[in-house]
Amino acid sequence: MGESSDSVSVDIDMLPFGGKEHVVKTSKGSISVYVYGDQEKPALITYPDVALNSMTCFQGLLFSPDSASLLLHNFCMYHIDAPGHELGADVISSDVPLLSVDDLAVQVAEVLDFFGLKQVLCLGVMAGAYILTLFAMKYQELVLGLILVSPICKAPSWTEWFYNKVLMNLLYFYGMCGILKECLLQRYFSKEIRCNVQGTEADIIEACRRVLDERQGLNVMRFLQAINERYDLTEGLENLQCRTLIFVGESSQFRDESVYMSTKMGKKTCALVEVEACGSLVTEEHPYAMIIPIEFFLMGFGYHRQPYFASSSSTGTNPTSPSSRCCIAPELLSPESLGIKLKPIKTRVDIDVKV
């Protein structure tokens with residue numbers, strides 16, 4: 001793990017999550033890290049998808065009441081943004097070398113080195129899930145477990161490669177233009193939430209569109225280029241020993257790849273949860289569907305919900321929570337892992353959607 005130099009800490013009232021921003025200087029360039037919570041607690045690091053940052057990618061999950069009693073109660077959050085994706089970022093100079101996916105994984109390791117973190121849990125979404133999976137392969141001794149949302153693990157197909165090239169050209173010549181934002185919204189969200197029957201956009205889509213307006217197109221292009229040049233992780237997946245929980249939306253464009261990834265990792269170490277009527281960005285579109293599987297997953301590490309807190313997800317009082325299909329191997333829910341014995345879970349709950 002490379003040695004990182006000094007960082008700059010910034011306290012701003014309007015920072016995402018109300019935390020502190022650290023600009024950590026790594027051997028691969030500076031990177032922004034938002035720290036939220038008590039740093040004496042165990043660490044949970046996050047990495048967002050292309051054109052998103054910690055505020056736009058994880059706010060729906062981490063700051064729901066159910067999640068606060070589980071995740072914020074147990075962990076200090078270290079939100080790592082891809083270079084140039086932080087709030088108020090300037091355009092990265094053209095003199096700065098383009099980073100590869102390996103470089104981005106090294107940056108994550110140097111962030112841990114700077115904060116003195118010995119072992120962490122990781123939460124990544126799409127491109128961010130790939131970076132954290134690669135990081136876990138390179139530094140297995142640092143990673144206790146992975147929570148991956150609509151992850152990718154293969155090299156891009158020719159179709160994806162060409163499509164991303166078109167997006168990069170749009171970013172280079174036109175920045176965050178209208179058609180590019182539509183392409184990204186299709187990447188993140190299901191058709192159901194993008195095109196509702198009333199003909200009006202959901203609040204979450206309007207909010208995401210405003211955030212994309214603030215992104216620096218050339219910075220997004222750099223991250224997208226790194227992801228477009230990624231390589232296949234299949235061989236490494238078979239040797240990855242940390243326990244992994246994968247979420248994927250039923251209508252996600254990465255669904256097949258997420259299922260493939262779970263089969264390669266095996267039922268003894270990996271559980272797959274498929275969320276109905278949902279796109280790739282499960283953390284924002286249907287965060288309540290993630291709470292119970294995450295709770296069971298974390299029990300295997302000895303983490304429990306804040307005492308005397310009743311989960312609305314578990315009691316079924318949350319009307320917006322979608323159904324999910326969750327298959328968790330007995331090995332992940334064994335007495336050794338959890339202190340209790342549970343059978344494999346397979347649930348499907350139908351809900352009425354008001355139109």
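Predicted model: local features only at pLDDT ≥ 70, side-chain atom pairs only at ≥ 80, totals over all residues.

Colleague: Why does Y174 count as exposed?

Modeller: Because its relative accessibility is 62%, and the cut-off for exposed is over 50%.

Colleague: Which helix is Y174 found in?

Modeller: Helix α5. That helix covers residues 158-174.

Colleague: Which residues form the nonpolar patch on the surface?

Modeller: V91, Y172, F173, Y174 and L218. Together they have about 580 Å² of accessible area. Helix α5 supplies the largest share of the patch, with three residues.

Colleague: OK, inwards now. What percentage of the protein chain is buried?

Modeller: Buried residues are 56% of the 355 in the chain. As for secondary structure, the chain has 15 helices and 10 strands.

Colleague: What about helix α2, why is it described as largely enclosed?

Modeller: Helix α2 runs over residues 65-74, and seven of its 10 residues are buried, so the rest of the structure largely encloses it.

Colleague: Which ones are buried in α2?

Modeller: D66, S67, S69, L70, L71, L72 and N74.

Colleague: Switching to the largest nonpolar core. Which residues touch the most other members?

Modeller: F135, Y188, I294 and L298. The core holds 108 residues.

Colleague: Take F135. What is it in contact with, leaving aside neighbours within four places in sequence?

Modeller: I45, A105, V108, A109, L112, V120, C122, L142 and V143.

Colleague: Now V125. Where is it, and is it buried or exposed?

Modeller: V125 sits in strand β6, residues 120-125. It is buried, because its relative accessible area is 0%, and buried means under 20%.

Colleague: What does V125 contact beyond four places in sequence?

Modeller: Y47, P48, D49, C57, F58, V149, L281 and T283.

Colleague: How far is L281 from V125, in sequence and in space?

Modeller: They are 156 residues apart in sequence. C-alpha to C-alpha, the distance is 7.3 Å.

Colleague: And over the whole chain, what share of contacts is between residues 24 or more positions apart?

Modeller: 77%, counting contacts with a separation of 6 or more.

Note on methods: Residues numbered from 1 in each chain as written. Heavy atoms only, no water. Helix = DSSP H or I, 4+ residues; strand = E, 2+ residues; numbered from the N terminus. Buried < 20%, exposed > 50% of the residue type's maximum accessible area, 1.4 Å probe, protein only. Contact = heavy atoms within 4.5 Å. Patch = residues over 30% accessible without salt bridge, like charges linked within 9 Å, V, L, I, M, F, W, Y side chains within 5 Å. Areas by Shrake-Rupley, 256 points an atom, 1.4 Å probe, with all protein chains shown as cover. Salt bridge = Lys/Arg side-chain N within 4 Å of Asp/Glu carboxyl O. Core = buried A, V, L, I, M, F, W, Y, C linked by side-chain atoms within 4.5 Å.
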